[in-house]
Amino acid sequence: MKNEEQPYKLTIENAGVFRINDTQLQTEEELASTSFIDFSESENRVEMCKDKPVINLTPGERALIEGAINCKYAGTYDVGLLRAMFFDPFEIYGASFSIPSPYRVTVMPMITDVANSVLDFENLKNSSRIKSMVLREPTPGNDMRPYRVGDPIKQIHWKASASAGELISRTPELLDLRKISLVLIAENGISKKNEPEFIKRRDYFLEFAVSAVYYHAQKGESIQVVYPRGEIKKVQVASLDNFAEFYEDISKGPFYNRDSDIEKLEMQSESMAENEQDGIIITVRESEYGKEHFLEIRNGN
């Protein structure tokens, strides 16, 4: 989980025939913070320099180092030890080696209120008609009252208005659940898997997605989510059980099997906005993170 400290163990062994001196370890510190707290079996072989272990080992010796990692962003990326730097006893020669198999983690996004203000459709779409917390649309009934600003045209009783000489609205009798769709257009991040700026965009993208869906799921409201997980997936989330399945799936990271699927998802979003006349379409584009209009909200009505 993001911002949750996890135990981390590191074993360093001198498999060569020469002594290694002052081996310095470099860890990933922009995406995660790594702390070292215990040096088991290595009391005389490990020293600390600027909060990082410095290791001296004779041939065949091993040092076990224990610590903790705290990942700062959601997503999948490499953390922990990235490279080791070796020096000869006189510190004349040195060499740096990248770790061939880094510690790769999948960090789960946090559920926050980051999407709540965006989903306040009452304030976004009009002044009074739609109750934002339940997203239900009034169906005109037989009782009447004077027209109020924000009343939909289909709620106006035209014959009564003509007789009264002013606009008359029918008050609602029934409440119908309004259809909401969330389209998540992710970047194709295969080539950017460890770029800090991409990881930060992915973190915000995932946090917004899970928070928006949870906003509705906790109230038992149904929301359709369209997102890439190899194929373009469509899932309906209407409860916390459904949400748990979606949360686990999206947290593994959105991706595309083909570059053309990004354009396909864009077209699908446009088509939904044009054809679903009774719903609200929310389109979130990961590549536009940080801009004022990183998402679009369109109402078919």
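Reply: Let's go from the whole chain down to single residues. This is a predicted model, where local features need pLDDT of at least 70 and side-chain atom pairs count only at pLDDT 80 or more, while totals for chains, interfaces and linings use all residues. Residues are numbered from 1 along each chain as its sequence is written, and side-chain values use heavy atoms, with hydrogens and water left out.

Me: How many helices and strands are there in the protein chain?
Reply: Helices (H or I, at least four residues) and strands (E, at least two) are DSSP runs, numbered from the N terminus. The protein chain has five helices and 17 strands.

Me: What share of the residues is buried?
Reply: Buried means under 20% relative accessible area, exposed is over 50%, and partly exposed is in between (1.4 Å probe, protein chains only). Of the 301 residues in the protein chain, 45% are buried.

Me: How do I check the length of a helix, say H3?
Reply: The expected span is 1.5 Å times one less than the number of residues. Helix H3 (residues 196-217) has 22 residues and reaches 31 Å from its first C-alpha to its last, close to the 32 Å expected. Since 17 of those 22 residues are buried, H3 is largely enclosed by the rest of the structure.

Me: And which residues of H4 are buried?
Reply: An α-helix has 3.6 residues a turn, so residues three or four places apart point the same way. In H4 the buried ones are Phe 243, Phe 246, Tyr 247, Asp 249, Ile 250 and Ser 251. The buried residues of H4 pack against strand E10 (103-107), strand E13 (179-185), H3 and E14. Just after H4, Gly 253 takes a positive phi of about 110°.

Me: How many aromatic pairs does the structure hold?
Reply: Rings of Phe, Tyr and Trp (its six-membered ring) pair if their centres lie within 6.5 Å; planes under 30 degrees apart count as stacked, over 60 as edge-to-face and the rest as tilted. The structure holds four such pairs. In one of them, the rings of Tyr 227 and Phe 246 have centres 5.4 Å apart and planes at 80°, so this pair is edge-to-face. Tyr 227 lies in strand E14 (residues 223-237) and Phe 246 in helix H4 (residues 240-251), so the pair ties together parts that are 19 residues apart in sequence. Both Tyr 227 and Phe 246 are buried. There's also an aromatic cluster formed by Tyr 214, Phe 243 and Tyr 247.

Me: How do two strands pair up?
Reply: They pair if DSSP finds at least two bridges between them. Here, nine bridges join strand E1 (residues 5-13) to E6, and the two run antiparallel. Thr 11 stands opposite Leu 64 in E6. Strand E6 (residues 62-71) is mostly covered, with seven of its ten residues buried.

Me: Is Asp 78 buried or exposed?
Reply: Asp 78, in strand E7 (residues 75-79), counts as buried because its relative accessibility is 14%. A polar contact is a pair of N or O atoms within 3.5 Å; within protein, one must be able to donate a hydrogen and the other to accept it, and residues adjacent in sequence count only if both atoms are side-chain atoms. The side chain of Asp 78 makes one with the side chain of Arg 104 (2.8 Å).

Terms used: Contact means heavy atoms within 4.5 Å.
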